Amino acid sequence: MFDLSGKTALVTGGASGIGLAISQTFAKQGAFVHILELNSELASQVVNQIVADGGQAEAHAVDISKQADVVNVINVIATNHTINILVNNAGIAHIGKADNTSEIDFDRVINVNVKGVYNCLMAAIPHLKTNGGGVILNMASIAATVGIPDRFAYSTAKGAVYSMTLSVARDYLADGIRCNSISPARVHTPFVDGFISKNYPGKEEEMFEKLSKTQPIGRMAKPEEIGALALYLCSDEAGFITGCDYLIDGGFEKLNN
Ligand SMILES: NC(=O)c1ccc[n+]([C@@H]2O[C@H](COP(=O)([O-])OP(=O)(O)OC[C@H]3O[C@@H](n4cnc5c(N)ncnc54)[C@H](O)[C@@H]3O)[C@@H](O)[C@H]2O)c1
């Protein structure tokens, strides 16, 4: 079960945190993993590790918010590989409410978290169609469907990811393309450590504990736990699943009462 042998997967932001876990899990299950990353040095290190472990991977330096670059990278990959899976994972964090989020920050979050997903969709879907179908998995968040304090731009973006998932799932049914999203609560990754140290300097441990306890299960998720759900949703075993968002949240949405 969950065998990805012979499949080619694109993973954006696949060198860190959740994306890293997805890249490693998919490679372990036999996929050829293409990591599309802003941090090309880290991506090369991850590729070297995957190859050393007997897997297949390649790193591609790209900023997903730049459409021409994304189209170029994906077209180059498609000349040598039959693309089967696209995981839109790359994303950035931001803290703020509507009245203290600057235009620059709002645009930055939307450019990566929304336009970046659109860019990868528009570049990859023609190849999936040509190849007779495939799977798209988008990384949304509980912030898409719950009012999280101080996450105005981020929630806006993740709400868009949630809706894009439905739109794409509907539009490409006849092309054999399944599209789903995952909505994690907090996952312990550099993304979380980064925003804690940036926004709560000197209070890192206290904030880590506080954020861990917001999940009724009492901790943050491990990236590998998200990787396992991603594997299932991108595998043939999930062939009947499309247009769905999957909470993976330690009870955050339903048990926080
Ligand atoms: N960590 C959490 O608690 C959490 C919870 C819910 C959703 N998410 C979502 O999961 C995804 C991954 O988060 P993470 O915690 O693993 O983050 P992370 O910061 O550890 O990794 C994100 C990766 O994306 C890359 N990236 C950022 N901007 C990019 C761009 N413009 N082009 C290409 N690559 C880019 C970074 O270089 C990095 O390697 C994000 O979409 C995030 O919103 C995270």
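This is a predicted model: local features need pLDDT of at least 70, side-chain atom pairs count only at pLDDT 80 or more; totals for chains, interfaces and linings use all residues.
Gly91 is buried because 26 other C-beta atoms lie within 10 Å, where 20 or more are enough to count as buried.

- Beyond its neighbours within four places in sequence, Gly91 is in contact with Gly13, Val112, Asn113 and Met139.
- Glu237 is 146 residues from Gly91 along the chain, and the C-alpha atoms of the two are separated by 27 Å.
- Val146 belongs to another loop, the one between strand 5 and helix 5 (152-171).
- Is Val146 buried, exposed or partly exposed? With 16 other C-beta atoms within 10 Å, Val146 is partly exposed, since that class falls between 12 or fewer for exposed and 20 or more for buried.
- Val146 and Glu253 are 107 residues apart in sequence, yet their C-alpha atoms are 7.4 Å apart in space.

**Helix 3 with helix 4**

- The axes of helix 3 (residues 67-80) and helix 4 (residues 103-130) come within 9 Å of each other and cross at roughly 25 degrees.
- That angle makes helix 3 roughly parallel to helix 4, because angles under 35 degrees count as roughly parallel.
- The crossing of helix 3 and helix 4 is right-handed.
- Helix 3 brings Gln67, Val70, Val71, Ile74 and Ala78 to the contact, where they meet Asn119, Cys120, Ala123, Ala124 and His127 of helix 4.
- Sorted by class, this contact of helix 3 with helix 4 has seven nonpolar residues, three polar ones and no charged ones.

**Helix 5**

- Helix 5 has 20 residues and reaches 29 Å from its first C-alpha to its last, close to the 28 Å expected at 1.5 Å a residue.
- Its buried residues include Phe152, Tyr154, Lys158, Val161, Met164 and Val168.
- The partners that the buried residues of helix 5 pack against are helix 4, strand 5, strand 6 and strand 7.

**Helix 8**

- Twelve residues make up helix 8 (residues 223-234), which reaches 16 Å between its first and last C-alpha, close to the 16 Å expected at 1.5 Å a residue.
- Buried in helix 8 are Pro223, Ile226, Gly227, Leu229, Ala230, Leu231, Leu233 and Cys234.
- These buried residues of helix 8 pack against strand 1 (8-12), helix 1 (17-28), strand 4 (83-88), strand 5 (134-139), strand 6 (177-184) and strand 7 (245-248).

Key:
Residues are numbered from 1 along each chain as its sequence is written. Axes are lines fitted to C-alpha atoms, for helices over the stretch in contact, and angles run from 0 to 180 degrees between N-to-C directions. Helices (H or I, at least four residues) and strands (E, at least two) are DSSP runs, numbered from the N terminus. Angles under 35 degrees count as roughly parallel, over 145 as roughly antiparallel, 65 to 115 as roughly perpendicular and the rest as oblique. A crossing is left-handed if the near helix is turned anticlockwise from the far one by less than a right angle, and right-handed if clockwise. Two residues are in contact if their C-beta atoms, placed from the backbone, lie within 7 Å. Ala, Val, Leu, Ile, Met, Phe, Trp, Tyr, Cys and Pro count as nonpolar, Asp, Glu, Lys and Arg as charged, and the others, Gly among them, as polar. The expected span of a helix is 1.5 Å times one less than its number of residues.
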